[in-house]
Amino acid sequence: MSYSRYLSVLGLTILIPALAIVAINYRIGAIGWANPEIAATAVRWQRETHGIVNIAVPQERNFKFLSLADREPGVKGVILGASTVQSLRGADLGLHGVYNFAISSNDTAAVVTEAEYLADAMPQLEWMVASLDWVLGYVYRDEPPSVPDKVEQTSTISTAAQLEDTLTLPRVVGLRARLVEWVQSGAPVQAAVQALTSPLSGPYRCTDGVPGEGFAASDPTPCAGFRWDGTMSFEGQQPITETGHRLVLARSLQQNGEYVQSIRSHRGMPNEEYLRDLTQVAATLRARGGRMIVLLPPLLPGLERELLSSTDTAEYAGLTKRVIHRWAADHDITLIDAGASEDFGCQFSDFFDGHHNFGGCYDKIFTKLGDCRAPAWLLPPLERKDEHGKNCSR
Amino acid sequence: MLFNSYEFIGVYLPIVVALFFIMARLNHRLAAASLAVASVAFYGYWDVRYVPLLLGSVAFNYLFGVAISRNARNGASPATVRAWLACGIAGDLVLLGYFKYFNFLLGSAAAIAGADWNIVPIVLPLGISFFTFTQIAFLVDTSQGKAQEYNFVHYTLFVTYFPHLIAGPILHHKEMMPQFAKPEIYRISLENLAIGGTIFIIGLFKKLDLADGLAHVVARVFEAPAGTRFVAMEAWAAVLGYALQLYFDFSGYSDMAVGLSRLFGIKLPINFNSPYKAANIIEFWRCWHMTLSRFLRDYLYIPLGGNRHGSGRRYLNLMITMALGGLWHGAGWTYVIWGSLHGLYLVANHGWQHLGGGRILSRLLGRLWRPTACLLTFGCVCVAWVFFRAPDVEHALDILRGMTGINGVLSSAMHIGKRDTVEMLPLLAIVWLLPNAYEFMARVEPALTAGLQLRPRRLQWRPTVPMALAIGVMGFLCITLLRRVTPFLYFQF
């Protein structure tokens, strides 16, 4: 065989599947996760069904903005943060008219921007829960909050970014799973055509009777997605086992671990601009008779204690907490420090990793706070004591 | 810019290959110069501030090389030649010493003095150990009359040549300069493209598909807090994982360098020859990072006296060579311990051979002798890798304690699960049972083998359709992993 033929076959073996995958994945992305229309479709569907929306991660922000706009007149409070607070319900706080606006991987800069924007755009908004994810490093970052201008509900993803994404391993593996699905459907051509022309999974019913539908879902697990109140169901995630608990604690203290690196990144000093901007939003809400509540989200039982005692993180983690506590006290901001979740009765099985809980832990936290429940405790919370004479803020 | 990035494969490489052969049609010297400029640009892409340092080092060594050569040819006394040589080498070592060892020495001095000095971090220029050693070898070869050609463009290309600039192989002037002068390298050759492309893909596959997957598993143990009590299973799994990761990463890089160079028709020296198949440590060092071993032998061990002054002096020379070889890898006590440990292994190995221990055992064990010796050698190498990878001596001792089983063998909450360990077995099979890339391609002599006899195996590369399909599939798998860009482990040295 000649070298030219060898090179041709070699080149084509690489290029043909690569180009096919680029084309198919680009198409799937363009009609799905990169399609700004998909969020509007999901909002319309949820308005009609009050079902669970499983939407592509890149469209979460669009979906939440449109959903909030859809419910706006009735919404008196919002929960802002990342996926760590997506399971927190308004009912946990004893309030109605709460929308959980938390978006996956939302850092503190984004939370501050959203708080400023929503406080400005929604005059009826009286209170907010703003989550500060310090163990993930979100409070330390250097990026300033964006100018809270009219945040447009639809954001777009560039073609270059879409093309680059098409050949990543998760997308290639995802496409393989799709191909298997198409073949197993019995009518592969029809299934492929359907997938390449519509991003919808088709409606289904969850075990509790609530309808669900996938909208170019990143994770196609049925019934995993956003409920009507904006909370996340976390369906398909597995609770941490006793062995897993020990493992997560051990791994979380590794020098190259996510938490250790995050906490050490800025020597534990939160970005003061974030705190300053949140203070201003808190003042706006207070003027309306409302309140800003800052939440340090619950961590896997024992994790915070480990981080506060490990030689790699103790100094910086301690500093972070001291700065945030002092800031909250100085500015009359209600602070719920739920990091040591075991103090509230949370167990490892309430979590599915080091910093995500299914919602049961939030229930326990606010049950423990007992008499402090909203709405009475929110206004004014700091003076109120629970039945044991403890302050509502820890 | 890394070899395993879209920028390199999709933009830099096609442009440079095309530019070289277009220029070559006009003028060979222009083509060589364009390749040198492209190589400097490749270096500058990482940090443009260090380009003057690289070029300064090239100019300094070239001028000293010319001066040494002129003095030698004009009949200057050996003392004069040696003085020029000493000045040149001293300049190189000052540069390397400042960037690589200054803070280490300062830190060690502060520790001894109990002082709390504020040591300002010094950024280590990429590849400084490699281009410095390459040029020290050039100066020594020049003083011995082994380096003949002093074309500045070719010399600059020899040092900065992008396939080897960042992490080797460490080149000899005499094996590269004649190649730059050959007219045939300036003509595009489909044979070279096929051979070079194939080796490049094999190297890329080793790096992306085999080595990188192990990194996070290994880190769970090596990055654990000091004082962690590891059980034997997890400690051994981590060390085994690291042994495999380092081999696939570095030999993958070397294959890529050889493949890239072959695209231009230039052969680089082989750097790995199945080192984990070695049946003793002497053999291991003939197969692991071969160009560094060659450098240490020719420019350190032999000048120290080698084996010319009796056994005692020979063992001392071995210890010094290996300890300094360890220090070359990094400014830290863990590297010194690693090198010294290998020095001890070599001394023990030579002593054992001297006593004839190998012959007795091979008679006793028969056909089991080679696998047993191979396993024992691999085990010793793995123990030494603990110091090579651990962030400090304390961590290394934690892991070594775990490997002894002092904390138990198994636990329900291990840092590395049984599944991770089982997944390493196919990689061990690749290392021990399959031919290496150069045996696989021995028929077409893809690299300089320096007299090494590579036996063609049954599994032999030929430019056939099935082979093109198999290598193509490997290339395609690599493309899906390119976005997960990770630097090569040897870049830090």
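**Two chains, question by question**

Me: In which loop of chain A does Phe234(A) lie?
Reply: This is a predicted model. Helices (H or I, at least four residues) and strands (E, at least two) are DSSP runs, numbered from the N terminus. Phe234(A) sits in the loop between β6 (211-215) and α8 of chain A.

Me: What pLDDT do local features need here?
Reply: Residues are numbered from 1 along each chain as its sequence is written, chains are lettered from A and ligands numbered from 1 in the order in which they are written, and side-chain values use heavy atoms, leaving out hydrogens and water. In this predicted model, totals for chains, interfaces and linings use all residues, side-chain atom pairs count only at pLDDT 80 or more, and local features need pLDDT of at least 70.

Me: Is Phe234(A) buried or exposed?
Reply: Buried means under 20% relative accessible area, exposed over 50%, and partly exposed in between (1.4 Å probe, protein chains only). Phe234(A) has a relative accessible area of 9%, so Phe234(A) is buried.

Me: What is phi of Phe234(A) near?
Reply: Most residues other than glycine have a negative phi. Phe234(A) is a residue other than glycine, yet its phi is positive, near 55 degrees.

Me: Which elements of chain A are included in what covers the buried residues of α8(A)?
Reply: Helix α8 spans residues 242-252, and its buried residues are Gly244(A), His245(A), Leu247(A), Leu249(A) and Ser252(A). Their cover includes α9 (258-265) and α11 (303-309).

Me: Which residues does Asp350(A) touch, not counting those up to four places away in sequence?
Reply: Asp350(A) is in the loop between β8 (334-337) and α13 (360-369) of chain A. At 12% relative accessibility, Asp350(A) counts as buried. A contact means heavy atoms within 4.5 Å. By that rule, Asp350(A) touches His356(A), Asn357(A), Phe358(A), Cys361(A) and Lys364(A).

Me: How many residues apart in sequence are the parts that Phe65(A) and Phe101(A) tie together?
Reply: Rings of Phe, Tyr and Trp (its six-membered ring) pair if their centres lie within 6.5 Å; planes under 30 degrees apart count as stacked, over 60 as edge-to-face and the rest as tilted. The structure holds 62 aromatic pairs over all chains. Phe65(A) and Phe101(A) form an edge-to-face pair, with 5.0 Å centre to centre and 85 degrees between the planes. Phe65(A) lies in helix α3 (residues 60-71) and Phe101(A) in the loop between β3 (98-100) and α4 (108-121), so the pair ties together parts whose separation in sequence is 36 residues.

Me: What is the radius of gyration of chain A?
Reply: Chain A has 13 helices and eight strands. The radius of gyration is taken over C-alpha atoms; the globule rule is 2.2 Å times the number of residues to the power 0.38. For 394 residues the rule gives 21 Å; chain A is close to that, so it is as compact as a globular protein of that length, with a radius of gyration of 23 Å.

Me: How many helices and strands does the secondary structure of chain B come to?
Reply: Chain B has 493 residues, and buried residues make up 58% of them. Its C-alpha trace spans about 70 × 60 × 55 Å along the principal axes. The secondary structure comes to 21 helices and zero strands.

Me: Which residues does Tyr62(B) touch, not counting those up to four places away in sequence?
Reply: Tyr62(B) is part of helix α3 (residues 51-73) of chain B. At 14% relative accessibility, Tyr62(B) counts as buried. Tyr62(B) touches Phe138(B), Tyr150(B), Asn151(B), Phe152(B) and Tyr155(B).

Me: What distance separates the C-alpha atoms of His216(B) and Asn317(B)?
Reply: His216(B) lies in helix α9 (residues 190-222) of chain B. His216(B) is partly exposed, at a relative accessible area of 48%. His216(B) and Asn317(B) are 101 residues apart along the chain, and their C-alpha atoms are separated by 38 Å.

Me: What is phi of Glu445(B) near?
Reply: Glu445(B) is in the loop between α20 (437-440) and α21 (465-481) of chain B. Its phi is positive in a residue other than glycine, near 45 degrees.
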